[in-house]
Amino acid sequence: MSSIIAPAKAAPAPLDPSRLGGETGMVERPRRRFLPFDPWHLFLAPLAVVMLLPLVWMVVTSLETLAQTRHFPPILWPGTLQFGNYSDAIRQSEFGTWFWNTTVVTVTIVVSNLVFCSLAAYAFARIRFLGRGVIYFVLLATLMVPLQVVLIPTFLIVKDLGLIDHLGALIVPNLVSVFGIFMLTQFFRTLPIELEEAARIDGASRLTILLRIVVPLSLPALATLAVIQFMWTWNDFLWPLVTILTNQNAFTLQLGLATFQGAHQTTWHLLAAANIMSMLPILALFLVAQRSFVRGIATQGLKG
Amino acid sequence: MARVAFQDVTKVYPGAVVAVQGLSLEAADGEFLILVGPSGCGKTTALRMVAGLERITDGTITIGNRVVNDVPPKDRDIAMVFQNYALYPHMTVAKNLAFGLRQRRTSREDVRRRVDEVSRMLGLEQLLQRRPGQLSGGQRQRVAMGRALVREPDVFLLDEPLSNLDAKLRVQMRSELKRLQGRLGVTTIYVTHDQVEAITLGERIAVLSDGVLQQVGKPQDVYDHPDNVFVASFIGSPPMNLLKGRAMSGRVAVGDLEFDHAQAPDGDVLVGIRPEGLRPVGQGHSGPGFEVHVEVVEPLGDEVLVHGSVEARDAGVRIDAEEAKLLADADTDRGTVTVRLPPEERPEAGSRLLVAPAPGAIRLFDATSGLAIRPA
């Protein structure tokens, strides 16, 4: 996808004679630089350090002994690296189970969101039906309601469904998200309607248009939604805490990580190691999906 | 192959916007019919109603012998080329061409055969594995045509297919299109706002304004005998000169020019003369004529356009390209005229040029209704 865009961008822009004149009647010259870098970097670089510091500290902690983690001032270079912390964290806990549970819940939710949000969003974006505007508005209005308000009602519903202490309690309420519908609706509306009209004349059904035309052109939006949903679900702590009460086999990573923090003692080195391991899938996903974030190609079939 | 007929077709958009009003028009089997008019005149809406992309508010549209008002686009056996081509950007040219056939469950061999055929016909063989983003404007246009051709439909609908090409390519594609249509003999409805395109391409042209059909006929007939002031001003470039004259008992006077016209009702009339209908005459000319005060001279190579004013009241009508309507203009004392001259004659700006209307070049229109007054 990006390979198509790249050559066009890389090609030098043809000299536009109208620009030479410019408003001032002078040829624009590149600004002279006093620094070998952009002055903004002076502001942004320290900011980046501040953002990265907690992460670095966590990585350092995960490679220290328990005693080193408690030292004050913090030891920023432990000397010998305790890679064993990682295997210890896995061995001393149900890390594998938690990881698997979280993966099941997250993948199910991400996939179902992509499917259901696309379907709903396409209807809102393109199909005229009675009450479309009202329903869309009501859906959007629910976005304004904070989680704390719906926590108890949702809990009661999930309880009535008999899902408490099951992974289902984590999955069912999140199969589709209003945010996803909203985001995709807005994106679908920006796609050129002619493409869909051409497909209709070509004999495609609504579903075919969605699958063969709209979805392939919406990959950047779908990738964004997938990453956001993945992050939310993967990192969610409150909802699993409320619904997974006693069943340790249904613990997610975030619940599990909390068990490293005891009332009397916290095994900081293991907690940090487990934390880093729990972050890896998100980092990996981000790197993979990043390529899809580039601008879509939806308008490339139109006039040149 | 099939004929396409509009019968009293009206399209009203929400908000009581009338896009097309009482349109009755027929494209015969295999005919190349052009819908032409300024932007916003309803021509594209008319085309989209044939395609099934717009619902018809009133009236019927027939393709072949079937009323298609409620037939979905895919069952109308039509193919459409969009103004912006609407190629599927994520598919290769080959897949773009094959998409419609695949949707119709054509066998793989047939799809390949027809895609090959069409790509050979349009010179697309080398481009089959490229995506639309990697094609030039002309190539995209050809692919869009190919996507319509490959389906072998009963009717082609073309919505300003050449408007995004540069001038040179447009002229080239225009003749290619005409040749192609002649060879295939498929009924074609072609929408354009470019009256030159309309005149050169169509077997018949239908002029629309403000959702209403103004005139339909052979291009030359429409050019020579416009039914009303709108057609006179819209068809032809530069448009017909229109001056306000006065008729009295069968004799019309416009400025210094006087002539007989038996059908002219007493009172104000509009006198129309095409730019090539005014011929320069020598100083010794004694017959009817105008003295043109030359203001601008445009040498075009094969001809010279002279813009100037004459001692006669201006008709005070202009076409507003944005609004697609005929507008009443300021009623000035000096009428503006354009004269088309052969390239060797090039009067100076500021000079005076004596011209006389060629025999049979004068058209008359009613000053209030704008309708043509024809000799009996």
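Where in chain A is P73(A) found? P73(A) sits in the loop between α4 (66–69) and α5 (84–91) of chain A. Helices here are DSSP runs of H or I with at least four residues, strands are E runs of at least two, and both are numbered from the N terminus. The peptide bond from F72(A) to P73(A) is cis, with omega near -5°.

This is a predicted model, in which local features need pLDDT of at least 70, side-chain atom pairs count only at pLDDT 80 or more, and totals for chains, interfaces and linings use all residues. Residues are numbered from 1 along each chain as its sequence is written, while chains are lettered from A and ligands numbered from 1 in the order in which they are written.

Chain A has 16 helices and zero strands. Of its 304 residues, 28% are buried (20 or more other C-beta atoms within 10 Å of a residue's own; exposed is 12 or fewer, partly exposed is in between, and C-beta atoms are placed from the backbone). Among contacts in chain A with a separation of 6 or more, 75% join residues 24 or more positions apart. A contact requires C-beta atoms, placed from the backbone, within 7 Å.

Now take one helix pair. The axes of α7 (residues 132–143) and α10 (residues 178–190) of chain A come within 9 Å and cross at roughly 125°. Axes are lines fitted to C-alpha atoms, for helices over the stretch in contact, and angles run from 0 to 180 degrees between N-to-C directions. α7(A) is therefore oblique to α10(A); angles under 35 degrees are roughly parallel, over 145 roughly antiparallel, 65 to 115 roughly perpendicular, and the rest oblique. On the α7(A) side, the contact uses L139(A), L140(A), T142(A) and L143(A). V178(A), F179(A), I181(A) and F182(A) come from α10(A). By class, seven of these residues are nonpolar, one is polar and none is charged. Nonpolar covers Ala, Val, Leu, Ile, Met, Phe, Trp, Tyr, Cys and Pro; charged covers Asp, Glu, Lys and Arg; the others, Gly among them, are polar.

D165(A) is in the loop between α8 (147–160) and α9 (168–171) of chain A. Its phi is positive, about 75°, although D165(A) is not a glycine. D165(A) counts as partly exposed because it has 15 C-beta neighbours inside 10 Å.

Next, the interface. Chain B gives 27 residues to the contact and chain A gives 22. On the chain B side, β6 (78–81), α2 (93–103) and α4 (137–149) each supply two or more residues. That side has 14 nonpolar, nine polar and four charged residues.

Chain B also holds sheets. One is an open sheet of four strands, ordered β2-β1-β4-β5 with antiparallel pairing. Two strands pair if DSSP finds at least two bridges between them. β2 (17–27) and β5 (66–67) of chain B are the edge strands. Strand β4 (residues 58–63) of chain B meets β5(B) over two bridges, and I63(B) stands opposite R66(B).

Another open sheet, of five strands, runs β15-β22-β16-β17-β21 in chain B, again with antiparallel pairing. β15 (278–280) and β21 (335–341) of chain B each have a single partner strand, so one side of each is left without a neighbour in the sheet. The twist averages 45° from one strand to the next. Six bridges join β16 (residues 290–299) to β17 (residues 304–310) of chain B.

Note on methods: Two residues are in contact if their C-beta atoms, placed from the backbone, lie within 7 Å.
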